[in-house]
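Work through the exercises below with the sequence and the coordinates open. Each task is followed by a solution in steps.

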Amino acid sequence: MRSLLILADRTPAATGRIEAGLSIARMTGGHVTLLVDTPVMRFTAVDAMGGASVVTEALQEAVADDNAYARSIDAHLAHEDVPCTVLRAESEALDAMVEAGRLADLAIVSRGDPLAGDLPLALRCPVLAVSDEAPVTFPVERVCIAWDGSAEAANALRAAVPLLKSAVEVTVITVEDVPSAWPATDALAYLSRHGIGAEQAVLPRLGSVEDTLLREITLRGAGLLVMGAFGHSRVREYLFGGVTRSMLEMRHGPALLLAH
């Protein structure tokens, strides 16, 4: 993970995202790109006849403010021990991240941001969703991997290898009665080939799958949960709920490394 993309907005949560990215870059010898975005379409007003007009003064002020913010970040990061680049964009955040992330190894956003649920489906790289209330820095001592044998879980596991190498404790968690085409022993064997020792925990299902996982993760004090994103369709997840959606909506808990 040597090419890291971070959404850098003017919210307090941006600090946690940036610090997480810098710590990963130090660990992997990577480069950090921070994206400051001004979604100009939000300054377009549509009238009853379908005509559109731009709120010019507000747009100019927003662009100027974000330009100044980008310059201040650039000046601050010049004193860091990690190579950094600051990019500017003027499209919706999802489009801007996808465009900037074509060659990214990892994208970092906030877990409570709706973007965290959209990016794993739109990007070709994994997404790290960090909690606004529980900042995370790397290396993380304890990591849990939610394994259901799906292609999404396998993608997340492969993507997480650079972060797992420095962990003290790695646990592959499976929940009983959850169908799995690929057993957890295959995941353990894969990790061992990368020099990562991991143990398996098979949990009886108590309530929902997400409640079962969260209980075990909390008990183990994990700082990172690796999991596949949206094994079911987004429509089904929206209507009936799902593990990905539930984990993203939780305010507390570990950082999430997601891949689809």
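**Exercise 1.** Which residue is the bridge partner of A129 in β12?

*Solution.* In β12, A129 has L256 as its bridge partner. The strands concerned are β7 (residues 127-130) and β12, which run antiparallel and are joined by three bridges. Strands here are DSSP runs of E with at least two residues, and helices are runs of H or I with at least four, numbered from the N terminus. Two strands pair if DSSP finds at least two bridges between them. The model is predicted, so local features need pLDDT of at least 70 and side-chain atom pairs count only at pLDDT 80 or more, while totals for chains, interfaces and linings use all residues. Residues are numbered from 1 along each chain as its sequence is written, and side-chain values use heavy atoms, with hydrogens and water left out.

**Exercise 2.** Are the residues of β12 buried or exposed?

*Solution.* Apply the cut-offs: buried is under 20% relative accessible area, exposed over 50%, and partly exposed in between (1.4 Å probe, protein chains only). Five of the five residues of β12 (residues 255-259) are buried, so the strand is largely enclosed by the rest of the structure. Next, sort by direction: A255, L257 and A259 point one way, L256 and L258 the other. In a regular strand the side chains alternate between the two faces of the sheet.

**Exercise 3.** How do α5 and α6 cross, and which residues make the contact?

*Solution.* The axes of α5 (residues 151-164) and α6 (residues 184-193) come within 11 Å and cross at roughly 45°. Axes are lines fitted to C-alpha atoms, for helices over the stretch in contact, and angles run from 0 to 180 degrees between N-to-C directions. This makes α5 oblique to α6, given that angles under 35 degrees count as roughly parallel, over 145 as roughly antiparallel, 65 to 115 as roughly perpendicular and the rest as oblique. The contact (heavy atoms within 4.5 Å) is made by L157, R158, V161 and L164 of α5 and A187, Y190 and L191 of α6.
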